[in-house]
Amino acid sequence: MNTKKIFAALLFAVAGINLYAQSGTNSPYSQYGLGYLSEQTSGFNRGMNGLALGFREHNQVNYLNPASYSAIDSLSFIFDAGMSLQMTNFTEGSKKINANNGDLDYLVAGFRAAKHVGVSFGIIPLTNVGYNYEVTNRVPDGGAQTYTNAYSGTGGLRQVYLGAGWEPIRNFSLGANISYLWGDYERSLINSYSETTTNTIGKYYSADVSSYKIDLGAQYTYHLTAKDALTAGLTFSLGHKLGADAQCRVITTNPQTTVSDTITHTISNALELPTSFGLGLTWVRQNRLKVGLDYSLQRWGSLKFPLYTTENNVGTYTLRDNQFSDRHKITLGGEFCPQETGRKFFQRIHYRAGVSYATPYLKINGMDGPSEMSASLGLGVPIVNGYNNRSILNVSVQYARFAADNLIKENTFRINIGLTFNERWFAKWKVE
């Protein structure tokens, strides 16, 4: 194995951890819960809008179902990195605003460790928090007096994982990812008035997470005919408390004297992950045409989350239920590659497409938050040069719409770019 390449990959991973400190969203919905939920997809399945659970790829890392690692080619070391550029339009009534983001999304690797055993490791996002906006209104019966609520937040959760997939019997595989989960969020809401006789009140919310995440997977392939096969994939993610304390600081400031009074509220072990399930079916014909359907369920509805409320001028910060709903998501997609190997370049291109629908997991003021509809088109373009014809450039475009009655609507156009380096590192060389 080339130690220089391994060292370069490690340096790339360290750089990626630093880049992950930047938020990849401007969504005001990231001010709720743990933030904006990441798709957690890699370059090849982004072209199919995230389809993954029943996919077994010998030349790609499919970390959404760790059972798939057992299919990784025995002679390859795969290193995959991806980034995205997105443009989002926010609409509320007649008001519209645009925002742009760029983000390094993931860094992953995979290889065959032993016969029927594949291993993968990498860094991927779980949630993002990033928003900054103000709302100004007139004070009821206050004449010309106005008040302004300023909202801002940064942060998110990330995970570094190590996983393995094992095929104990022919056509049946099991797998698991064990992750270290870490991150934080800082959120603030500052209420100020145009009249300097009224106090300014700022609420500052924060939490620091350091925990674990466990994801399990299974796949079974049934050969319908000599040309057709059907693979079923199952996934399970363990829900649990994150051991993180949530804090709320309420700072009241007299704008004339600049004297402040601070009250700090803390809730121990306040945050948690939901239990999640996934089921996918993928039909493969001659390893050229692949069509699949995925369904996933995240059990957010039973979880509580910290909420600050005021009653009779007394503020309390407690865990409250009815802030989330179970999230259901369904994805249909596929890819077509006329001929994966050969000399004809255009016949080796992977053509991909997919559509998804997801129900809201947030409740905002007791009402359902935005649901999501999305679609994507993508290409997997082989990289051919004098020493490597196994690597792939994955490019896709994606449209996503978040919408709910009487709430802000988001329309996002995203460009995803992933580069999969597939190096022949484990071949035995023969000297004549």
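Is D326 buried, partly exposed or exposed? In this predicted model, D326 comes out as partly exposed, at 26% relative accessibility. That value sits between the 20% and 50% cut-offs, so the label is neither buried nor exposed.

The partner of D326 is R299, and their side chains meet in a salt bridge with an N to O distance of 3.3 Å. Both residues sit in loops: R299 between β14 (289-298) and β15 (305-311), D326 between β16 (314-320) and β17 (327-336). The pair therefore ties together parts of the sequence that are 27 residues apart. R299 is partly exposed too, with a relative accessible area of 37%.

As for accessibility, E372 and R327 are both buried.

Another buried pair is made up of R46 and D105. Their side chains form a salt bridge at 2.8 Å, N to O. R46 belongs to helix α2 (residues 43-46) and D105 to strand β3 (residues 95-114), so this is a link between distant parts of the chain, 59 residues apart.

Overall, the structure holds eleven salt bridges. Some of them share partners, and in this way E57, K290, E335 and R352 are joined into one network.

Methods
Residues numbered from 1 in each chain as written. Predicted model: local features only at pLDDT ≥ 70, side-chain atom pairs only at ≥ 80, totals over all residues. Heavy atoms only, no water. Salt bridge = Lys/Arg side-chain N within 4 Å of Asp/Glu carboxyl O. Helix = DSSP H or I, 4+ residues; strand = E, 2+ residues; numbered from the N terminus. Buried < 20%, exposed > 50% of the residue type's maximum accessible area, 1.4 Å probe, protein only.
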